[in-house]
Amino acid sequence: MTHRLRFAPSPTGYLHVGGARTALFNWLFAKHYGGQFLLRVEDTDKARSTAESTRAIFEGLEWLDLMWDEEVVYQGANLPRHQADARTLLDENKAYRCFCTQAELEEQRKLAEARGDAFRYDRRCDRLPREEVARRVASGAPFVVRFRMPDGETAWTDLVHGHIAFPNRDIGEGDFIILRSDGTPIYNLAVVSDDIAMRITLVMRGDDHISNTPKQILLYRALGAPLPEFAHLPMIHGMDGKKLSKRHGATAVGDYQHMGILPQAMLNFLALLGWSPGNDIEVMTVPQMIELFSSEGLSRKAAIFDTKKLEWMNGQHLAMTPAAELAPRVAPALIARGLTTETELESRAAWFHSLIDLLKVRSRTIDDIVHQAVPYFGEAVTYDADAVAKQWKDRSAVRELLVAVRETLASIPEWNMPSMEHALHALAQSRGVGNGKVFQPLRVALTGVSVSPGIFDVLLLLGRERSLHRIDAATAVLATNN
């Protein structure tokens, strides 16, 4: 059997991280088992569905590279089929027309409440004579279509939760509506009709849909269609154990894209929210996730969205991603910061890649790389007050040291790491101090901060001219602040 799975978002907002996780699990399952991953936009709620939201969903999936294998299905375009399926159920006496008004239904609810009972529709319209039904339809009386709930129970074996069963008498309010009075389908009918037409073999979605599943199973059976398998994924909670929402911070996938998170890191992080590959594996490439994914690793427990863990995961992926792949993501951020231009970066591509390789190992996001990159662009640096206070305490002595460092570096024949290492180590030894006593004041002179990559890496990337210029600027500052 060829597996066919779908992601079916409603275009009423951005692509939430929970929706992205659902899309990812469907996509991974399809890729692992050689199936198809399909996309359906459930746009039947015309009042809330927007083209902007649809576009945001597409952009989020495209950023994550969760691409679908067939043309996008728009649920709203399938109204004729939804109505035809409802007519089939009417014709086969598996559904009936209900003419009850909202006022009448409310009265039934009040009576049930007074008895201390849960409301269940009393099927009064199902008892109307056929002639009376025909008369009301001919007169234009508004009606909904209700599915006739059979006796017994509805059960299935969920790929996540195992055996789940609902007594039919406890499903919703009894004979549930499948078609509104305006002829539009209720969610459960539209979903089943579309999944049948799309030949979906596994419905994988959030476990907030478990209560919908028995209704949908009953509709599958009533329409004579084979049942797909079902897998209901655990909810995603914030660090406080409550359902993830805006109060926990960013919940839109697009927000994390703009925060400098790599798509492959986001996928890796999302994959571990409700699934484990086993063997304590955490950091994975996309091909590794496809290879390792299986329904056996899916968890029943709610997953915790830990932003710090996401940033750590992103740092791991930054470190193992080649600079050439990171460059197209880092360059726009540097340009937007006003540090450089596209032309400059293109003309110094090898240098730019070396800079990324140097900075990525100390970064957790693209923004971290940009922040660390500031000292490597422009002529001057801004001195961090804490770094100056700590490393330039004795300004006269530091100035004298930096003058000696400048003379030493200016005299080396070639600007390469071995030459610089030999020269500065010899200088420290001649002055009877440890290397750190030379390197730390020099680091502040070159970068303005007390924490940076190795001093020789910094010197190499800045180059001879810019390095010497920075040391000259530092000694001038020290001279005026004695």
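Okay, let's start in a loop: Arg123 sits in the stretch between α4 (102-115) and α5 (130-138). One thing to keep in mind throughout is that we're looking at a predicted model.

Asn279 is not a glycine either, and has a positive phi of about 60 degrees. You'll find Asn279 in the loop between α9 (263-271) and α10 (286-292). With a relative accessibility of 74%, Asn279 counts as exposed.

Now, cysteines. How many disulfides does the structure hold? The count is 0. Take Cys98, which is in no disulfide: the nearest cysteine sulfur belongs to Cys100 and is 3.9 Å away. Cys125 is in no disulfide either, and there the nearest cysteine sulfur, again that of Cys100, is 3.6 Å away. The cut-off you need here is 2.5 Å between the two sulfurs, so a pair has to be within that to count. In case the word is new to you, a disulfide is a covalent bond between the sulfur atoms of two cysteines. And are these cysteines buried or exposed? Cys98 is buried, with a relative accessible area of 2%, and Cys125 counts as buried too, at 6%.

Let's move on to a helix, α15, which covers residues 366-373. Its buried residues are Ile366, Ile369, Val370, Gln372 and Ala373. Why do we say they're on the same side of α15? Because they take up an arc of only 165 degrees around the axis. And what lies over them? The cover for those buried residues includes α11 (307-320), α12 (323-336) and α14 (349-360). Have a look at the start of α15 as well, where a side-chain oxygen of Thr365 comes to within 3.3 Å of the backbone nitrogen of Asp367.

Next up is a strand, β11, made of residues 236-237, and His237 lies in it. Where does the side chain of His237 reach? It gets to the backbone oxygen of Gly241, at 3.0 Å. If we set aside the neighbours within four places in sequence, His237 is in contact with several residues, among them Lys242, Leu244, Ala302 and Phe305.

Then there's Phe439, in helix α19 (residues 435-447). Phe439 is buried, with a relative accessible area of 12%. Leaving out neighbours within four places in sequence, Phe439 is in contact with Leu424, His425, Ile455 and Phe456.

Last stop, the empty space. Rolling a probe the size of a water molecule over the atoms shows where such space is left. The largest pocket here has a volume of about 1,000 Å³. It is lined by 34 residues, and those closest to its centre are Ala8, Pro9, Ser10, Asp208 and His209. Which elements each supply at least two residues of that lining? They are β1 (4-7), α1 (17-32), α6 (187-197) and β9 (202-206). Of the contributors, α1 gives the most to the lining of the largest pocket, with 4 residues.

Conventions: Residues are numbered from 1 along each chain as its sequence is written. This is a predicted model: local features need pLDDT of at least 70, side-chain atom pairs count only at pLDDT 80 or more; totals for chains, interfaces and linings use all residues. Side-chain values use heavy atoms; hydrogens and water are left out. Buried means under 20% relative accessible area, exposed over 50%, partly exposed in between (1.4 Å probe, protein chains only). The arc is that of the directions from the helix axis to the C-beta atoms. Contact means heavy atoms within 4.5 Å. A polar contact is a pair of N or O atoms within 3.5 Å; within protein, one must be able to donate a hydrogen and the other to accept it, and residues adjacent in sequence count only if both atoms are side-chain atoms. On a 1 Å grid over the protein atoms alone, a cavity is a set of points where a 1.4 Å probe fits but cannot get out, and a pocket is an open set with protein on both sides within 12 Å along at least five of seven lines; lining residues have an atom within 4 Å of a point. Grid points are joined across faces, edges and corners, and a volume is the space filled by probe spheres set on the points.
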